[in-house]
Amino acid sequence: MVVNAPSPQAQDTQTAKYEKVPIWRSPITQAALTWIGFLTGIPTIISFGKIVYDFGVIFLSKNFTGTVASNISQEMILLSITALIFASVISIRRITKQALLVPLSHGSFGLAVDGSGHRLSIVKVKANPCPICGGGMRYYARPTEWTSYQDQNGNIKRRVSKRTPVLGSARFLAHFGSRPSL
Ligand SMILES: [Zn+2]
């Protein structure tokens, strides 16, 4: 069962503001990530091609030897490694390309990875007071979609499947979800 959290009315009428306090400016730039993506993308395509070729050879010759089998398994290991690196690099590059702010460990301590300026940095998000009640706000990854299930003891638990970074009012839960804005 997928449950969508009700969207608070405050969301569109009030805009929460915050500052980013730099913690660490990493040497990882978007350009570097593009290069690593390119350098891992090529071997990924080559390994994939080799596997297709090896299967083609088996199919045409109808001759499945132990050597071919061990070649294929080696290629598959190589393919999974390069494909994994490639996929990670592409998803990290997206943070710099779209200048995203991604909360670290669900946003504990307000820490986030910042992709602005085409570079990865660690920042601390310092939220301004809540625009509705003037109380404190915190930055975190709010669950927006989850599935409910029963554990072995019969307790209802929820497994979060989707989170959205928000600035949330610490005083009133109903204020949470104020849309972050720079
Ligand atoms: Zn509030």
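1. Let's start with the hairpin of E6 and E7. It has 5 residues between its strands, and Gly-154 takes a positive phi near 85° there. Strand E6 covers residues 137-150 and strand E7 covers 156-169. These two run antiparallel and are joined by 13 bridges; two strands are said to pair if DSSP finds at least two bridges between them. Within this pairing, Ala-141 stands opposite Pro-165 in E7. Helices (H or I, at least four residues) and strands (E, at least two) are DSSP runs, numbered from the N terminus.

2. A word on what you are looking at. This is a predicted model, in which local features need a pLDDT of at least 70 and side-chain atom pairs count only at pLDDT 80 or more, while totals for chains, interfaces and linings use all residues. Residues are numbered from 1 along each chain as its sequence is written.

3. How confident is the predictor? The score to read is pLDDT, the predictor's confidence in each residue, from 0 to 100. The protein averages a pLDDT of 84, and 87% of the residues score at least 70. Among the elements, E5 has the highest mean pLDDT (93), and helix H1 (residues 10-13) the lowest (47). Over residues 6-12 the pLDDT is below 50, and this stretch has 11 contacts in the model beyond near neighbours in sequence. Two residues are in contact if their C-beta atoms, placed from the backbone, lie within 7 Å.

4. Now the overall plan. The protein has 3 helices and 8 strands, and along the sequence they follow the pattern β-α-β-α-α-β-β-β-β-β-β. If you take the contacts between residues at least 6 apart in sequence, 66% of them join residues at least 24 apart. Of the 182 residues, 19% count as buried. A residue is buried if 20 or more other C-beta atoms lie within 10 Å of its own, exposed if 12 or fewer, and partly exposed in between, with C-beta atoms placed from the backbone.

5. Next, helix H2 (30-61). The expected span of a helix is 1.5 Å times one less than its number of residues. Leu-33, Thr-44 and Ser-47 are buried in H2, and the buried residues of this helix pack against strand E2 (15-29) and H3. After H2 comes Lys-62, with a positive phi near 50°.

6. Helix H3 (66-97) comes next on our tour. H3 has 32 residues and reaches 46 Å from its first C-alpha to its last, close to the 46 Å expected. Its buried residues are Thr-82, Phe-86, Val-89, Arg-93, Ile-95 and Thr-96. They pack against H2, E3, E4 and E5.

7. Which residue takes a positive phi of about 50° just after H3? That is Ala-99, in the loop between H3 and strand E3 (101-103). Ala-99 is not a glycine, and its 14 C-beta neighbours inside 10 Å make it partly exposed. His-118 is another residue other than glycine with a positive phi, near 55°. You will find His-118 in the loop between strand E4 (111-114) and strand E5 (119-127), and it counts as partly exposed because it has 15 C-beta neighbours inside 10 Å. For background, most residues other than glycine have a negative phi.

8. Where is the largest nonpolar core? It holds 12 residues in all, among them Ala-16, Tyr-18, Ala-112, Val-125, Tyr-139 and Leu-167. E2, E5, E6 and E7 are the elements that give two or more residues to this core. A nonpolar core is a set of buried Ala, Val, Leu, Ile, Met, Phe, Trp, Tyr and Cys residues joined through C-beta atoms within 7 Å. Leaving out residues up to four places away in sequence, Val-125 touches Tyr-18, Lys-20, Gly-110, Ala-112 and Tyr-139.

9. Lys-162 is in strand E7 and is partly exposed, with 13 other C-beta atoms within 10 Å. Lys-162 and Arg-142 are 20 residues apart in sequence and 8.5 Å apart in space, C-alpha to C-alpha. Phe-109 is in the loop between E3 and E4, and the C-alpha atoms of Phe-109 and Lys-126, 17 residues apart along the chain, are separated by 9.8 Å.
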